[in-house]
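Below is a short report on one protein chain. Keep the viewer open while reading.

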Amino acid sequence: MSLRPLARYGLRVASLAVALGVWQLLTSLDVDLWLRFSQFPTVADVARAFADRLSGPDYWTDLTDSLTRILTGFLLAAVLGVATGVLVARSRLAEDVLGPLLEVVRPIPAIALVPVAILLFPSNEQGIVFITCTAAFFPVLVSTRHAVRALTPAWEEAVLTMGGGRWRVLGSVVLPGALPGIFGGLSVGIGVSWICVISAEMISGQYGVGYRTWQDYTVVDYAGVFVGMVTIGVLGWITSTAVELLGRRLTRWLPRTSYVPGVRPRATVPVSPAAAVTKTETATSTEETRDEHLV
């Protein structure tokens, strides 16, 4: 039996409160059972440090800088990743020319490109955006490529039969059909982008949440370190949720099932345009036969 939405939200809040309570208990009692909780700040210490940061200007400057870097790099990666993924999936020439290069570069961690960014770009700001863009580019590229290749050829043939050109196929079949896979890659990409932008800020940044978190660690301000970690977690959750909500809104035409724990949802089989036309013609002929029988 499914819980009501209000009860489910209450359960989520309660689980978070229990986790914070266990944290406060272990750190306040200086528990050292293999894991050294005595080295951790308590929840109250982190809350006081958070309140102090909120009242100062540096916190909001760091927040603005990190968000500017992540959004700039992620938007560039989204545009380039989708365009390259569609191109590689639809063109054999592009696959032969770009495919080997992309597959060689793809396994390299984006954070390993920090020295390259320092040598290549005239400013640290541009280098951090480059690393963030690279981190999100490959998940978007791979998801888009697989989504485009998985499309049913009959849909494209139907558009071509009705006189549509290549651009019509791209706008009516390829991009709408690949949207679920594209947003899957975007969801992964935004998370990887946060990991890499924070790491890049720790190494070569000036201002930013990652830079401030590393500075707090160097001066042994562990409460400040946890303030940075909480900030990163909240920002990552907000941006990932925004990408997911945008994906749901742009794919409202997809059949959806409400998830109920313990109940196996029924799969909805997508109907191709040709099958839909055949079904409509069958229904029409059946109705005409029934009308003639009544006459």
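Leaving aside its neighbours within four places in sequence, which residues is Ile 203 in contact with? The partners are Ile 111 and Val 114. Keep in mind that this is a predicted model.

**Ile 203**

Ile 203 sits in helix H8, which spans residues 166–204. Is Ile 203 buried or exposed? With a relative accessible area of 55%, Ile 203 is exposed, because the cut-off for that class is over 50%. Ile 128 lies 75 residues away along the chain, and its C-alpha atom is 9.9 Å from that of Ile 203.

**The largest nonpolar core**

In soluble globular proteins, nonpolar side chains tend to be buried together. Here the largest nonpolar core has 48 residues. Ile 131, Leu 186 and Trp 194 touch the most other members. H8 provides the largest share, 14 residues.

Setting aside neighbours within four places in sequence, Trp 194 contacts Ser 66, Leu 67, Ile 70, Leu 235, Gly 236 and Thr 239.

**Salt bridges**

Side chains of opposite charge can pair when their charged atoms come close. How many salt bridges does the structure hold? There are 10.

| Glu 103 | Arg 106 | 2.9 Å |

Arg 145 has 13% relative accessibility, so it counts as buried, the limit being under 20%. Glu 103, at 32%, counts as partly exposed. Arg 106 is partly exposed too, with a relative accessible area of 35%.

What separates Glu 244 and Arg 248 along helix H10? About one helical turn, because the two are four residues apart in that helix. Glu 244 is partly exposed, at a relative accessible area of 39%. Arg 248 counts as partly exposed as well, at 47% relative accessibility.

A further group is a network: salt bridges link Arg 53, Asp 216 and Asp 221.

**Confidence**

The chain averages a pLDDT of 82. A score of at least 70 is reached by 85% of the residues. Where is confidence lowest, and where is it highest? The lowest is in helix H11 (residues 273–294), at a mean of 43. The highest is in H3, at 92.

Over residues 271–295, pLDDT stays under 50. For this stretch the model has three contacts beyond four places in sequence. Where pLDDT is low, the predicted coordinates should not be read in detail.

Key
Residues are numbered from 1 along each chain as its sequence is written. This is a predicted model: local features need pLDDT of at least 70, side-chain atom pairs count only at pLDDT 80 or more; totals for chains, interfaces and linings use all residues. Side-chain values use heavy atoms; hydrogens and water are left out. Buried means under 20% relative accessible area, exposed over 50%, partly exposed in between (1.4 Å probe, protein chains only). Contact means heavy atoms within 4.5 Å. A nonpolar core is a set of buried Ala, Val, Leu, Ile, Met, Phe, Trp, Tyr and Cys residues joined through side-chain atoms within 4.5 Å. A salt bridge is a side-chain nitrogen of Lys or Arg within 4 Å of a carboxyl oxygen of Asp or Glu. pLDDT is the predictor's confidence in each residue, from 0 to 100.
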